[in-house]
Amino acid sequence: MSLRTLEYAAAESVSGIIRNGLMSATSVVTIALSLSILAAFGLLAFGLNNMAQGLLGQFEIGVFLKNGVSEAEIAEVSSQIEKLSHVTSVRLISREEAWEETKRKIGKDVNLTGIKNPLPDQLCVKLDDTHFTARTVDRIRKMPYVDDVVAARQLVERAIKVADLIKWIGIVSASVLFLVTAFIISNTIRLTLYARRREIRIMQLVGATNWFIRLPFVLEGVILGAIGACVSYLLVSGGSKYVSEIVTRNFPFVRGQFATNVDPIYFLGCMIALGCLVGAIGSLISIRRFLKA
Amino acid sequence: MIEFRNVSVTYSKDVQALRDVNLFIDKGEFIFIIGPTGTGKSTLLKLVYREEKPTTGKVYVGNQDVTRLKGGAIARLRRNIGVVFQDFRLLPQKTAWENVAFALYVTGASHREIQRRVPDLLDLVGVIDRKDAYPHQLSGGEQQRVSIARALANNPPILLADEPTGNLDPDTSWDIIQLLERINSRGTTIVVASHDKHIVDRMNKRVVALDGGIVVRDEEKGRYYELANS
């Protein structure tokens with residue numbers, strides 16, 4: 001593709017946008033609105049997912065060791081657990097530490113003096129992905145010196161289900177909105193195509209390649225998509241600030257977990273990329289139909 | 001140069017535009033395709049520049065089977081074929097110069113090439129002094145000359161004309177046909193679909209007569225009607 005072709009396509013697409021000024025403006029607004037809804041869903045899903053992951057991250061698997069294990073044996077078990085996949089950390093709470101902790105907590109109310117330490121040594125295991133909790137628990141249970149393993153399994157599994165559901169709702173609604181936006185853009189481009197039908201006819205007649213004919217219209221869709229994305233970025237970043245203020249005011253306990261503080265440059269980049277993609281797809285749909293007819 | 005082998009075009013069960021047409025057009029020929037309206041003349045031309053595909057049979061242009069072409073290959077084929085229409089098909093918002101330049105531009109010619117080619121083309125068809133006029137400021141004959149200049153922009157070896165004089169008065173029609181003959185004398189193969197009896201008779205060129213999609217007559221130095229009928 002030569003520079004001249006690009007120059008031609010750029011000039012033609014800009015003049016197409018200006019010629020159908022009102023329609024272009026309408027489609028920018030619709031693109032902006034649907035991208036905003038899409039982004040709002042995305043941010044919500046992202047925030048809720050963060051929150052869910054944050055909660056899940058606090059879950060640990062407790063591994064209680066048999067009575068009378070030596071320090072070397074403890075080290076052996078702990079290194080075996082560390083070798084399992086998805087294990088991020090293994091922390092030892094020795095029975096002496098646990099006993100001191102218990103005494104500090106309930107020693108005021110219950111007289112524990114003279115009682116022999118009844119607690120076992122315990123390992124606290126953290127995972128990078130809580131989906132693997134059940135499997136990891138089963139593996140650890142089979143290891144030597146391990147007496148019992150506890151995990152808030154049901155709670156963890158329910159939390160995982162909720163987080164997954166949110167993710168899927170986000171993906172489905174985003175796909176639907178993406179298609180709707182592509183359809184809106186394809187309608188706008190069709191108007192430009194109609195206005196240029198004579199030129200297109202002659203271009204085909206004198207032997208312009210299909211890509212040469214398509215390029216200005218694809219570019220027009222991309223430009224509309226990008227402008228719509230910028231508008232929607234302003235809407236969404238303003239809106240999300242407002243929403244997170246309300247959330248933190250009314251539900252202080254989720255502060256810092258319901259994270260909407262995505263890197264703005266990254267967010268803008270994603271929005272523009274999405275806008276361009278949806279614009280290009282929209283215009284390709286209508287050109288395809290038009291060139292066939 | 002152009003060959004039709006057992007070509008039939010069927011639009012629906014009852015509408016058959018061409019029936020088993022066999023035709024060979026040699027390089028450098030000037031040929032008239034004649035017959036009443038709706039008899040398949042336009043369809044015949046459309047098969048050459050691959051606007052349409054035959055239902056059965058093959059069409060060859062310069063030894064290439066054009067019925068099999070796709071996308072980019074169709075674009076390349078069309079750069080080798082100029083097409084002129086009864087209604088000129090000029091772009092109304094572009095001047096004569098721009099209309100011709102457009103054909104060069106969209107096929108990827110450089111700015112310098114366009115500056116060199118356009119005046120030559122407008123000069124060849126005799127409207128160089130009208131280069132800045134818009135189509136609505138030009139007479140019918142002048143518009144057809146601009147459209148011929150555009151058709152010749154990529155220097156095609158074949159020029160197809162579908163009723164090129166259909167919208168013109170007799171004198172202007174004759175001028176346009178004379179121009180086509182001059183272009184033919186430079187080596188361009190010319191196929192004219194026409195039902196203009198006077199022009200066909202006066203030119204005394206090869207005539208292929210179609211009737212109901214069938215080639216009913218093909219003769220050198222032919223006339224519009226067979227001598228026995230006229």
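The model is predicted, so local features require pLDDT of at least 70 and side-chain atom pairs count only at pLDDT 80 or more, while totals for chains, interfaces and linings use all residues. Residues are numbered from 1 along each chain as written, chains are lettered from A and ligands numbered from 1 in written order, and side-chain values use heavy atoms, without hydrogens and water.

Me: Why does Glu29(B) count as buried?
Reply: Buried means under 20% relative accessible area, exposed over 50%, and partly exposed in between (1.4 Å probe, protein chains only). Glu29(B) has 15% relative accessibility, and therefore counts as buried.

Me: Where does Glu29(B) lie, and which residues is Glu29(B) in contact with, leaving aside neighbours within four places in sequence?
Reply: Glu29(B) lies in the loop between strand S2 (16-25) and strand S3 (30-34) of chain B; helices (H or I, at least four residues) and strands (E, at least two) are DSSP runs, numbered from the N terminus. With contact meaning heavy atoms within 4.5 Å, the partners of Glu29(B) include Phe24(B), Arg206(B) and Glu220(B).

Me: What makes the pair of Tyr233(A) and Phe267(A) tilted?
Reply: Rings of Phe, Tyr and Trp (its six-membered ring) pair if their centres lie within 6.5 Å; planes under 30 degrees apart count as stacked, over 60 as edge-to-face and the rest as tilted. Here the centres are 5.6 Å apart and the planes stand at 55 degrees, so the pair is tilted. The pair links helix H8 and helix H9 (residues 264-292) of chain A, its members being 34 residues apart. Both Tyr233(A) and Phe267(A) are buried.

Me: Why is the pair of Tyr224(B) and Tyr225(B) called edge-to-face?
Reply: The ring centres are 5.1 Å apart and the planes are at 80 degrees, so this pair is edge-to-face. Tyr224(B) has a relative accessible area of 10% and is therefore buried, whereas Tyr225(B), at 44%, counts as partly exposed.

Me: How do you know that the charged end of Arg202(B) sits over the ring of Trp174(B)?
Reply: A charge sits over a ring if NZ of Lys or CZ of Arg is within 6 Å of the ring centre and within 35 degrees of the ring normal. The charged end of Arg202(B) is 3.8 Å from the ring centre of Trp174(B) and sits over that ring. Arg214(A) likewise lies over the face of Trp211(A), at 4.7 Å from the ring centre.
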